[in-house]
Amino acid sequence: MILAEGLRCVFGAREREALSMLRAGESRTAIMERTGTVVALDDVGLRVDEGELLVVMGLSGSGKSTLLRCLNRLVTPSSGSIRVAGQDVMAMGSRELRRFRRRTFGMVFQHFALLAHRTVLQNVEFGLEIQGVARRERRRAAEQALDLVGLAGWEDKRPGQLSGGMKQRAGLARALAADASILLMDEAFGALDPLIRHDMQAELVALQRRLRKTIVFVSHDLDEAVALGGRIALMMDGAIVQDGTAESILAAPATPYVKRFVAHIDVSSVLRVATLADRSATPPRGSWPVLQGDMTLREALPLLAEGPDGLAVQDEAGRTIGVLSRRAALAALARQPLKEEPAWPSLSPASRSPSYATASSIG
Ligand SMILES: Nc1ncnc2c1ncn2[C@@H]1O[C@H](COP(=O)(O)OP(=O)(O)OP(=O)(O)O)[C@@H](O)[C@H]1O
Ligand SMILES: [Mg+2]
């Protein structure tokens with residue numbers, strides 16, 4: 001489990017002054033103006049359970065990468081506490097930290113960071129090599145990881161001979177080979193074509209189910225966050241403004257900014273059948289398909305389109321919990337937000353910094 005509390009992180013020469021201004025409740029703009037110091041994280045808390053996938057989302061500059069890098073102290077926060085698997089990360093000395101990082105974390109970045117002169121296999125082995133793992137054992141781990149990501153047979157190629165998607169798979173294999181329990185992924189699929197990106201998202205979800213890794217995945221893409229299906233922590237101006245499943249965020253956006261952020265979400269891929277089911281209705285008689293409560297509305301639509309007007313909904317234990325009618329499904333789809341306003345505030349430098357506050361006036 002990862003548990004971070006009260007993380008503050010500022011970049012600039014006048015760190016102490018900036019921090020005391022921050023504690024005194026001064027705005028990021030005021031701090032920037034007076035000290036020239038950027039507040040990247042302002043009192044961020046985060047909890048990721050073992051085997052959970054958390055997507056950290058937010059616009060450019062909101063502090064996602066900084067937060068991710070604080071978790072294994074590639075960036076040391078100015079204050080706050082970080083515990084990973086019960087260990088106090090802030091208290092670690094540099095040697096201990098290096099070992100801890102190598103053992104516990106695998107990192108995957110947008111740019112694949114593969115070594116061009118090494119073969120794919122040698123790249124995947126690299127982390128284990130640094131750890132001093134014996135040759136035969138690291139070969140076995142690397143081959144297994146390549147197999148997992150669908151790159152068996154490509155061991156002897158050089159990175160230059162791979163497509164973007166294959167390079168990203170190799171990068172993922174490298175992180176998996178080291179058998180770290182936590183994967184930190186920063187815009188890991190950001191450089192991929194949309195179709196390949198979708199494939200990779202689906203494969204990551206499948207891998208996650210199989211391997212039960214703890215994953216913190218940074219993305220600025222809402223569709224990606226929804227596709228990965230985990231909990232979402234939405235950041236703005238160095239703070240987490242809302243944290244929950246896509247469905248819960250959609251149902252009750254915490255701020256006008258969040259509301260705008262999710263305005264273009266495809267509700268059919270977020271809403272769960274269990275949420276929409278009428279708990280008091282009687283299921284149709286006859287042998288009709290049954291919907292699972294954790295299905296998305298999108299998955300249920302083809303089944304709803306045929307058969308009677310309403311299908312039974314079951315929970316995980318196979319108990320009938322209600323009925324989803326075509327009418328309720330259509331009504332949910334009709335609530336799809338209208339696509340009038342641009343979802344993204346302007347990204348010009350002037351509006352980038354703390355002026356996101358203006359989003360609240362748009363609401
Ligand atoms: N090493 C650094 N030195 C100075 N400022 C930094 C440094 N790293 C990040 N920042 C600043 O901290 C803020 C948060 O940056 P961060 O990279 O965490 O944002 P992000 O959400 O990952 O953005 P993006 O989506 O563009 O990657 C930004 O204003 C950025 O300019
Ligand atoms: Mg980033």
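Guide: Domain bounds come from an automatic or database domain assignment. The model itself is predicted.

Visitor: What makes domain 1 and domain 2 of the protein chain?

Guide: The assignment does. It gives 49–261 as domain 1 and 267–334 as domain 2. The C-alpha centres of the two domains lie 34 Å apart.

Visitor: How do you know which residues take part in the contact between domain 1 and domain 2?

Guide: The test is C-beta atoms within 7 Å. Four residues from domain 1 and six residues from domain 2 take part. On the domain 1 side, helix H10 (residues 246–251) supplies the largest share, three residues. By class, that side has three nonpolar residues, no polar ones and one charged.

Visitor: What makes E1 and E2 partners?

Guide: Two strands pair if there are at least two bridges between them. Strand E1 (residues 2–11) and E2 have eight bridges. They therefore count as a pair, and they run antiparallel. Ala4 is found opposite Leu46 in E2.

Visitor: What is the order of the strands in the open sheet?

Guide: The four strands run E2-E1-E4-E5, with antiparallel pairing.

Visitor: Why are strand E2 and strand E5 said to stand at the edges?

Guide: Count partners. Strand E2 (38–48) and strand E5 (87–88) each have a single partner strand, so one side of each has no neighbour in the sheet.

Visitor: Which strands does helix H1 lie across?

Guide: H1 (residues 15–23) lies across E1, E2 and strand E4 (79–84). Its direction is about 120 degrees to E1.

Visitor: How do you know which residues surround Ligand 1?

Guide: A residue is included if its C-beta atom lies within 6 Å of the molecule. Among those that surround Ligand 1 are Phe11, Val38, Ala40, Lys64, Ser65, Thr66 and His220. Gly58, Ser60, Gly61, Ser62 and Gly63 are there too. E2 and helix H3 (64–71) are the elements that give two or more residues to this shell. H3 gives the most, with three residues.

Visitor: How is the shell around ligand 1 divided by class?

Guide: It has three nonpolar, eight polar and one charged residues.

Visitor: What is the mean pLDDT of the protein chain?

Guide: The mean is 87, on a scale from 0 to 100. Of the residues, 92% reach 70 or more.

Visitor: Over which residues is the pLDDT below 50?

Guide: Over residues 338–363. That stretch still has 34 contacts in the model beyond near neighbours in sequence.

Technical notes: Residues are numbered from 1 along each chain as its sequence is written. Chains are lettered from A and ligands numbered from 1 in the order in which they are written. This is a predicted model: local features need pLDDT of at least 70, side-chain atom pairs count only at pLDDT 80 or more; totals for chains, interfaces and linings use all residues. Two residues are in contact if their C-beta atoms, placed from the backbone, lie within 7 Å. Ala, Val, Leu, Ile, Met, Phe, Trp, Tyr, Cys and Pro count as nonpolar, Asp, Glu, Lys and Arg as charged, and the others, Gly among them, as polar. Axes are lines fitted to C-alpha atoms, for helices over the stretch in contact, and angles run from 0 to 180 degrees between N-to-C directions. pLDDT is the predictor's confidence in each residue, from 0 to 100.
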